[in-house]
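Please keep the sequence and the 3D view open while reading.

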Amino acid sequence: MKREKEWDLHERILGKEPTASVDLFLTFMDPLFRMLKRQTKCSDDDAHDSAIDALFAYLKEPDKFDPGKGSMSAYLVQIARYKAWDRYRSSSARAQREEKMRVQVEVEPPPPNVSLEEYVEMKQLVERLVRKIEALGLDDRDQACIRLIITDSRSTESWAEVLGLTHLPQDQMRQVVKRHYDRLMKRLKSLCKEDPDEES
Amino acid sequence: MKNPDWLKRAAERSTVEPGMLGNVFGTYQVLEDCTAEALAEELGCTLDTLNLLALCRRPEGDAFIEQVKDICRRFDVTPSALVSVLRRVEVMDALDTDASNGETSSDRGPLLLAAKDRPRDGGRKP
């Protein structure tokens, strides 16, 4: 398209001429679609959507386009490429998340009373927590105790076994186990507070 | 002219773009509980023309009438029909803004529901 025609269309859009946006679509949709198909790996639907996104983005703020810096086609191509890339990234991330979820569920299916989404979220949360705990450099004994906390094993005997306290009288054993339990819970709580929204 | 493949998709997208006629049509369809076909019939045009109309800027301000005339000339639509759709949505926008103390809600809340409850022919002249 000739520069003069592009300039004229841009002026009409800046002047808020109501049908200029239709001409923008009729002029640029097909070239943008062809360019996206040629230069990116996107599907027909994604190419159409990215071209549409680009034109609406321009219509929203037409004065951002500076004709002194280049042609309108080049400007729109740049936006469309960015939109297509953005779309590709989100769909790849979504595909990766779905694949990860599929693998997790295949290896270890959720219990019947837990929804698939809850189960995967829970597993991811635990994985994150385990990574953080590993980074703390705890000794084997403390790590074993944390496994007990995660699996909700609260019996004094299990703890005493892990801590090597089975020789102690019951009262004393309970006291020492409680002390270890409280200490580790405090550490876990502060670990969770450090970055509650952290994403893996 | 053969209508392009992307036209329907772009028109659908325009319903969420403030300032586009498609946005007005989307709101109108919800208010009146009518299909795109019914709206096209109301405007006296084909579905393809309705999709092209959706990609026009919404007429506004001092040039409102001139802009409506421009659109109608180009797409062969009766101005009174288009103005009637625009005014209906404008009134709801204004009421909605008042109702939400100056904030325009995106889902239009109770007023929209109230409008939807109104019988289909309730506001029309005989």
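B:Asp76 counts as exposed because 10 other C-beta atoms lie within 10 Å. The cut-offs are as follows: a residue is buried with 20 or more other C-beta atoms within 10 Å of its own, exposed with 12 or fewer, and partly exposed in between, with C-beta atoms placed from the backbone. This is a predicted model, in which local features need pLDDT of at least 70, side-chain atom pairs count only at pLDDT 80 or more, and totals for chains, interfaces and linings use all residues. Residues are numbered from 1 along each chain as its sequence is written, while chains are lettered from A and ligands numbered from 1 in the order in which they are written.

B:Asp76 sits in the loop between helix H5 (64-75) and helix H6 (79-99) of chain B. Helices (H or I, at least four residues) and strands (E, at least two) are DSSP runs, numbered from the N terminus. Phi of B:Asp76 is near 55°, a positive value in a residue other than glycine.

Where is B:Asp33? It is in the loop between helix H2 (21-32) and helix H3 (36-43) of chain B. Phi of B:Asp33 is also positive, near 50°. B:Asp33 has 12 C-beta neighbours inside 10 Å, so it counts as exposed.

## Helix H1 of chain B

Which residues of helix H1 (residues 7-14) of chain B are buried? They are B:Ala10, B:Ala11, B:Arg13 and B:Ser14. These residues lie on the same side of H1(B), because they cover an arc of only 160° around the axis. The arc is taken from the directions from the helix axis to the C-beta atoms.

## Where the chains touch

In this model, 15 residues of chain B are in contact with 12 residues of chain A. Contact requires C-beta atoms, placed from the backbone, within 7 Å. On the chain B side, H1 and H5 are the elements that give two or more residues. The largest share, 4 residues, comes from H5(B).

The chain B side that touches chain A divides into 8 nonpolar, 1 polar and 6 charged residues. Ala, Val, Leu, Ile, Met, Phe, Trp, Tyr, Cys and Pro count as nonpolar, Asp, Glu, Lys and Arg as charged, and the others, Gly among them, as polar.

## Chain A overall

Chain A has 8 helices and 0 strands. Of its 200 residues, 20% count as buried. Among contacts in chain A with a separation of 6 or more, 50% join residues 24 or more positions apart.

How values were computed. Two residues are in contact if their C-beta atoms, placed from the backbone, lie within 7 Å.
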